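Hi,

Here is the structure I promised to pass on. Please open it first, then read my notes below.

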Amino acid sequence: MQPKTTEQKTAYAKRAVAEGGVVCLSGAGLSADSGIPTFRGKGGLWERYDPEVYGNAEGLAQEFRRAPQRLAEFLADFYSLLTRARPNPGHRALAALEQAGLLEAVITQNIDNLHQQSGSRRVIELHGNAFRIRCPGCARAITIEKERMEEMCTLLGAAGGSATRILRVLGRYFPRCACRQRFRVDIVLFGEMLPAGELEAARSCLESCKTLLVVGTSLAVYPAASLPSLAKERGARLIEINSQPNGPQGLFDCRLEGPSSAILQQLVRELSS
Ligand code: NAD
């Protein structure tokens, strides 16, 4: 029988996590309490910038030609959000569960690097990482320090809308690789394929998963959205943690409703008491 009251749900989640073999699938909602609004939510990036333009490589290139000042504003807004954010108690609770040997891995759709910053070690990044640049030619990847990204935001702000100056700033932070191709941000834009290795790693860690925690995701973006059903087919129990119920009816064994930072923190507190 499905747990119904908050007490029953909390007890269910606590028992399941205490058994170990837990994997977490996280989404933008987990980082909302770190000050990064979900892109489509209230105050999100897509309220101010059209995702048809700013969510794909071709749109970004066209915007640079049409309105370089607007593109510079978008990049500065996007990176300021990410550089200001710090891990919240939800990220830290997941890192503590891994440390305690209960959580096997985090599969994340987030690109904000907050799982790693909070101490999580096994993080599978389905949509890449905004603090990494990658050469599209030879696939060489380089991690970029937060401070460098902050510096880029400042310089973009000071470029005063001049296409030449904006290009010079971007050239400095997205230089050419030794193979002559220009580095780009290592995130999956709309219409692009997921890194095959990451998707494979995600699927493989669901093979032996006993409990999948599905945290702060609308399950609207594929193929990440297909992972809960895959875990269920392989015998895992599914627990959703979200500020509002989500996903198809009947998919989850238990749904905990509320901010993920508070729920995860409480779960870890109860497990260690
Ligand atoms: P989404 O925006 O589609 O859904 C967010 C979900 O989080 C919703 O179901 C919402 O109800 C829930 N939510 C909001 N606040 C919450 C809170 N405090 N606690 C718990 N749940 C909360 O996000 P998605 O499913 O991850 O898909 C969006 C795509 O955009 C992803 O591919 C991701 O790469 C990208 N994105 C990433 C970030 C980030 O890195 N932090 C932020 C925004 C978007």
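Which residues come nearest to the ligand? They are Gln109, His127, Thr217, Ser218 and Asn242, out of 26 residues around the ligand.

Two points before going on. This is a predicted model, where local features need pLDDT of at least 70, side-chain atom pairs count only at pLDDT 80 or more, and totals for chains, interfaces and linings use all residues. Residues are numbered from 1 along each chain as its sequence is written, and side-chain values use heavy atoms, with hydrogens and water left out.

Back to the ligand. In one, an oxygen atom of the ligand is 2.5 Å from a side-chain N or O atom of Ser218. In another, a polar side-chain atom of His127 lies 2.6 Å from a ligand oxygen. Ile111 uses a backbone N or O atom, 2.8 Å from an oxygen atom of the ligand. The protein covers 87% of the 860 Å² of accessible area (Shrake-Rupley method, 1.4 Å probe) that the ligand has on its own.

Now Tyr54. Which residues is Tyr54 in contact with (heavy atoms within 4.5 Å), leaving aside neighbours within four places in sequence? They are Trp46, Tyr49, Leu60, Glu63, Arg70, Leu71 and Phe74.

Best wishes

Key:
Contact means heavy atoms within 4.5 Å. A residue is near a molecule or strand if one of its heavy atoms lies within 4 Å of it. A polar contact is a pair of N or O atoms within 3.5 Å; within protein, one must be able to donate a hydrogen and the other to accept it, and residues adjacent in sequence count only if both atoms are side-chain atoms.
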